[in-house]
Amino acid sequence: MSERNKAETYSESKKKFLYQYYKYLTLKARNDFFKYFKKYTKYNDSKSIIDIGSTPSLDDEQNNFLINTSNNYNITCLSDQDCKILKSKFKNLNKIIIGNGLKTNFDNDFFEISHSNATIEHVGSYKNQILFVKEMVRISREFVFIQTPNRFYPLDFHTILPFIHWLPKNIHRRILRLLKLNFYSKEKNLNLLSKNDLVNICKKLKLKKFKIYKYKLFFFTSNLILIIEK
């Protein structure tokens, strides 16, 4: 399929009811996540923030955090993708950097708050996830905010498949390969976490002041919000 046809197919999918409903749920959830962020990190528009895992998309549901911080001129975006397109919509952004969230080039305590939305599950192995949290803690001097899907929600929002992600990870990945979902079958692209995983990461890093909040969708915990205070 040509790139043009791919774009047209994606464009057509946006007109469908299921896409619109998904967008509605995503926007609602991410606006709710921001309420947690604002409440528990003592956020205001003068705070220096790094958003790790920004995406090069202008769709409202993709970078909703940037919409909610559009009056803050101390926002830095770090991604492994080129996100310069974000400047066309978010004039307030201070810097947009292509980099590695596991090892940034910032000094200790460089930002007041480090923020990450739905990124830690995409950094690879459990060891990498520990390094990711460690780096976010290192470069922040007040709070760390990490939001991630809950592994034990009945539906995996990446593959739109129910329950199989509850199986041991090697079996889950084998099934994804059989279903031709090769991208998500690789640990480096998707490694879902549970609340216990987040607790264990914090314990391994000897973090004392942290809290995990549960966000519910249709009565089940769909997302986990980890807030670490320095």
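Select Asp109 to begin: with a relative accessibility of 36%, Asp109 counts as partly exposed, where buried means under 20% relative accessible area, exposed means over 50% and partly exposed lies in between (1.4 Å probe, protein chains only). The model is predicted, so local features need pLDDT of at least 70 and side-chain atom pairs count only at pLDDT 80 or more, while totals for chains, interfaces and linings use all residues. Residues are numbered from 1 along each chain as its sequence is written, and side-chain values use heavy atoms, with hydrogens and water left out.

**Stop 1: salt bridges**

Helices (H or I, at least four residues) and strands (E, at least two) are DSSP runs, numbered from the N terminus. Lys230 is partly exposed, at 40% relative accessibility.

The side chains of Asp32 and Lys35 meet at 3.7 Å, N to O, and both residues lie in helix α2, 3 residues apart, which is about one turn of the helix. Asp32 counts as buried at 14% relative accessibility, whereas Lys35 is exposed, with a relative accessible area of 57%.

Now move to Glu142 and Lys47, whose side chains meet in a salt bridge of 2.8 Å, N to O. Glu142 lies in strand β5 and Lys47 in the loop between α2 and β1, so this pair ties together parts that are 95 residues apart in sequence. Of these two, Glu142 is partly exposed at 21% and Lys47 is buried at 10% relative accessibility. A search of the whole structure finds 7 salt bridges.

**Stop 2: a buried arginine**

Return to helix α2, which spans residues 17–40, and select Arg30 within it. Arg30 is buried yet has no salt bridge, and the nearest side chain of opposite charge, that of Glu121, is 7.0 Å away; Lys and Arg count as positive and Asp and Glu as negative, while His and the chain ends are not counted. Beyond its neighbours within four places in sequence, Arg30 is in contact (heavy atoms within 4.5 Å) with Glu61, Gln62, Asn64, Asn117 and Ala118.

**Stop 3: the sheet**

Colour the strands, and follow 7 of them through an open sheet of mixed pairing in the order β3-β2-β1-β4-β5-β9-β8; two strands pair if DSSP finds at least two bridges between them. At the edges stand β3 (95–98) and β8 (210–217), each with a single partner strand, so one side of each is left without a neighbour in the sheet. From one strand to the next, the twist averages 15°.

Zoom in on β1, which runs parallel to β2 (residues 75–79), with 4 bridges joining them, and also parallel to β4, with 3 bridges. Ile49 has Ile75 as its bridge partner in β2 and stands opposite Ile113 in β4. Both faces of β1 are covered, for Ile49 and Asp51 on one side and Ile50 and Ile52 on the other are all buried. At the other end of the sheet order, β8 and β9 pair in the antiparallel sense over 8 bridges, and Ile212 has Leu226 in β9 as its bridge partner.

**Stop 4: helices and core**

Show α4, which lies across β1, β4 (111–117), β5 and β9 and runs at about 150° to β5; axes are lines fitted to C-alpha atoms, for helices over the stretch in contact, and angles run from 0 to 180 degrees between N-to-C directions. Then show α6, which lies across β5, β8 and β9, at about 165° to β8.

Finally, select Ile50, Ile52, Val133, Ile146, Leu226 and Ile228, the residues with the most contacts inside the largest nonpolar core, which has 25 residues. A nonpolar core is a set of buried Ala, Val, Leu, Ile, Met, Phe, Trp, Tyr and Cys residues joined through side-chain atoms within 4.5 Å. The largest share of this core, 5 residues, comes from α4. A second, separate core of 21 residues includes Ala29, Phe34, Cys83 and Ile227.

How values were computed:
A salt bridge is a side-chain nitrogen of Lys or Arg within 4 Å of a carboxyl oxygen of Asp or Glu.
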